[in-house]
Amino acid sequence: MRRPIIAGNWKMYKNTREAVETAAKLLPLVSSAGDVEIVIAPVFTVLGAVAKVTAGSNVRLAAQDCFWEHEGAFTGEVSPAMLTDVGCSHAIIGHSERRQYFGETDETVNRKVRAAIRSGLMAILCIGETLAERESGATFAVLERQIKGGIAGIPITDMDSVIIAYEPVWAIGTGKTATDAQAQEAHAFIRATLASFTDQATAARCRILYGGSVKPENIRGLMIQEDIDGALVGGASLDSASFARIVGYES
Ligand code: PGA
């Protein structure tokens, strides 16, 4: 059985006061969420403050990115060890906004995933096709390239530290969710591709999250799909009540 994960990507929203308030409001709403792994990803600058709120709770903390070096003259970067130091257990890596606006490639994403794992973080590796790629029939080729590139050089024994987030770029922040069937089709392809690069058992254990306009109204239909193990939620994670409803998709 794969443990479900609901992760909230707060993107570049919320100052310290807002982030602390949102986290504090969330905790009691999800304290009896059962077996769901709950993760929130605030901006770097508020991680320490939010960690104090979530300490001892069932809510885990993620960064939205990390660098691949441990320390050094890399102005503006933050290492995975610095993230664990401040209380993070997860890092989102290779989000499409990073690929689109900040020049991230499969190679830089791979270096970051490997560094994150080395430091004991769970890496949430984001992949997904653009609208143009989907319309030209390139979806599976893009996903295969991103998976192959993203997990290159990772020993099979470390693959349990990798979570894949399938986020079709055309569904992010647009209100357009992939249909349950479209998402399941992509997830099944991702799992089969993972099996071809690792092995069946490893692929069967890997958690694959769906992301792109996930809301309380559509989470349940997604979660009942065989290969959908959770969600990476952007907009709807900014409000504690709506995120808690997504976490409680079974209720
Ligand atoms: P969205 O964002 O839920 O606002 O579409 C998802 C994401 O970018 O992770």
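1. A cavity is here a set of grid points where a 1.4 Å probe fits but cannot get out, and its volume is the space filled by probe spheres set on those points. By that criterion, the largest cavity holds about 30 Å³ of space. The structure is a predicted model, and a search of the whole of it finds one cavity of 30 Å³ or more.

2. Which residues line the largest cavity? The lining is made up of Gly 94, Ser 96, Arg 99, Cys 126, Ile 127, Gly 128, Glu 167 and Ile 172. Helix H4 (residues 96-101) and strand S5 (122-127) each supply at least two residues of this lining. Divided by class, the cavity lining has three nonpolar, three polar and two charged residues.

3. The largest pocket has a volume of about 510 Å³. It is lined by 20 residues, of which Lys 11, Met 12, Gln 64, Arg 98 and Phe 102 are the closest to its centre. Helix H4 gives the most to this lining, with three residues; H4 also supplies at least two residues to the lining of the largest cavity. The lining of the largest pocket comprises 10 nonpolar, five polar and five charged residues.

4. The second largest pocket contains about 330 Å³ of space. Of its 18 lining residues, Met 1, Arg 2, Pro 4, Tyr 249 and Glu 250 are the closest to the centre. The classes in this lining are eight nonpolar, four polar and six charged.

5. Of the 13 residues around the ligand, Lys 11, His 95, Glu 167, Gly 173 and Ser 213 come nearest. The shell around the ligand divides into four nonpolar, seven polar and two charged residues.

6. Which atoms of the protein lie at 2.6 Å, 2.7 Å and 2.8 Å from oxygen atoms of the ligand? A polar side-chain atom of His 95 is 2.6 Å from a ligand oxygen. For Ser 213, a backbone N or O atom lies 2.7 Å from an oxygen atom of the ligand. At Gly 234, a polar backbone atom is 2.8 Å from an oxygen atom of the ligand. On its own the ligand has 280 Å² of accessible area, of which the protein covers 95%.

7. Lys 11 is located in the loop between strand S1 (5-9) and helix H1 (16-30). Is Lys 11 buried or exposed? Its relative accessibility is 18%, so Lys 11 counts as buried, the limit for that class being under 20%. Lys 14 lies in the loop between S1 and H1 as well, and Lys 14 has a positive phi of about 80 degrees although it is not a glycine.

8. Asp 65 is placed in the loop between strand S3 (59-63) and helix H3 (80-85). Because its relative accessibility is 7%, Asp 65 counts as buried. What does the side chain of Asp 65 contact? It makes a polar contact of 3.0 Å with the side chain of Lys 112.

9. Two further buried residues lie in helices. Met 223 belongs to helix H10 (residues 219-223) and is classed as buried because its relative accessible area is 12%. From C-alpha to C-alpha, Met 223 and Arg 205 are 16 Å apart in space, with a sequence separation of 18 residues. Val 50 is in helix H2 (residues 47-54), and its relative accessibility of 0% is why Val 50 counts as buried. Between Val 50 and Ala 138 the separation is 88 residues in sequence and 40 Å in space, C-alpha to C-alpha.

Technical notes. Residues numbered from 1 in each chain as written. Predicted model: local features only at pLDDT ≥ 70, side-chain atom pairs only at ≥ 80, totals over all residues. Heavy atoms only, no water. 1 Å grid on protein atoms, 1.4 Å probe; cavity = no way out; pocket = protein on both sides within 12 Å on 5 of 7 lines; lining within 4 Å. Helix = DSSP H or I, 4+ residues; strand = E, 2+ residues; numbered from the N terminus. Nonpolar A, V, L, I, M, F, W, Y, C, P; charged D, E, K, R; others polar. Near = heavy atom within 4 Å. Polar contact = N/O pair within 3.5 Å; in protein donor to acceptor, adjacent residues only side chain to side chain. Areas by Shrake-Rupley, 256 points an atom, 1.4 Å probe, with all protein chains shown as cover. Buried < 20%, exposed > 50% of the residue type's maximum accessible area, 1.4 Å probe, protein only.
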